Amino acid sequence: TPATTAPSPATVSTSLRVTVRCGICATTTVIAVLVPQFVQVLSFVGCCCVALVGFVFPPLLHLVLFARAFRKEEGVHDARRIMRKRVTMLLDVLMLTWGIAATAISSTYTFRQILNGDG
């Protein structure tokens, strides 16, 4: 028997897509109305996720990939090239440190706002 696959967007009926979208909007609206301090919760999740994705992951991934490439070229003894690579790695570490600090500060500040009921 052939493996079952998800239907393509072209075969999903328009009424089903509209129903799902309306359901998501209705659920979000109900949660926003019923959950106290929903804005602060969204703010906390947003500051954590956005800071990680924007400030922590890019330099971390670049550092990992750059370090691998640097190890592959260990036999190259060009002083300028080595210095440029070390400066690049240092900048990655500095940006990573800044990203972790910014994430921690913004998350702590937002979490304190939630606990204090500021809003």
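## Fold overview

Of the contacts (heavy atoms within 4.5 Å) between residues at least 6 apart in sequence, 73% join residues at least 24 apart. The chain has three helices and zero strands. From the N terminus, the elements run α-α-α. Helices (H or I, at least four residues) and strands (E, at least two) are DSSP runs, numbered from the N terminus.

The model is predicted: local features need pLDDT of at least 70, side-chain atom pairs count only at pLDDT 80 or more, and totals for chains, interfaces and linings use all residues. Residues are numbered from 1 along each chain as its sequence is written, and side-chain values use heavy atoms, with hydrogens and water left out.

## Burial and surface

Buried residues make up 16% of the 119 residues in the chain. Buried means under 20% relative accessible area, exposed over 50%, and partly exposed in between (1.4 Å probe, protein chains only).

The chain exposes about 9400 Å². Carbon and sulfur atoms supply 71% of that area. Accessible areas come from the Shrake-Rupley method with a 1.4 Å probe; for residues, only the protein chains shown count as cover.

## Helix H2

H2 (38-72) has 35 residues. Its first and last C-alpha lie 49 Å apart, close to the 51 Å expected at 1.5 Å a residue. The expected span is 1.5 Å times one less than the number of residues. A kink of about 40 degrees is centred on Leu-52. The bend at a residue is the angle between axes fitted to the seven residues ending there and the seven starting there.

The buried residues of H2 include Phe-38, Cys-47, Cys-48, Pro-59 and Phe-66. Their cover includes helix H1 (14-34) and H3.

## Nonpolar patch

Leu-52, where the H2 kink is centred, also belongs to a nonpolar surface patch with Val-53, Phe-57, Leu-60, Leu-61 and Val-64. Together these residues have about 490 Å² of accessible area. Nonpolar patches join side chains of Val, Leu, Ile, Met, Phe, Trp or Tyr within 5 Å, from residues with over 30% relative accessible area and no salt bridge. A salt bridge is a side-chain nitrogen of Lys or Arg within 4 Å of a carboxyl oxygen of Asp or Glu.

Leu-60 is found in H2. Leu-60 is partly exposed, at 33% relative accessible area.

## Helix H3

H3 (residues 79-116) has 38 residues. H3 reaches 55 Å from first C-alpha to last, close to the expected 56 Å. Gly-117 follows H3, with a positive phi near 75 degrees.

Among the buried residues of H3 are Lys-85, Asp-92, Leu-96, Gly-99 and Ile-114. Helix H2 is part of what covers the buried residues of H3.

Methods:
Patches are made of residues with over 30% relative accessible area and no salt bridge: like charges are joined within 9 Å, nonpolar side chains (Val, Leu, Ile, Met, Phe, Trp, Tyr) within 5 Å.
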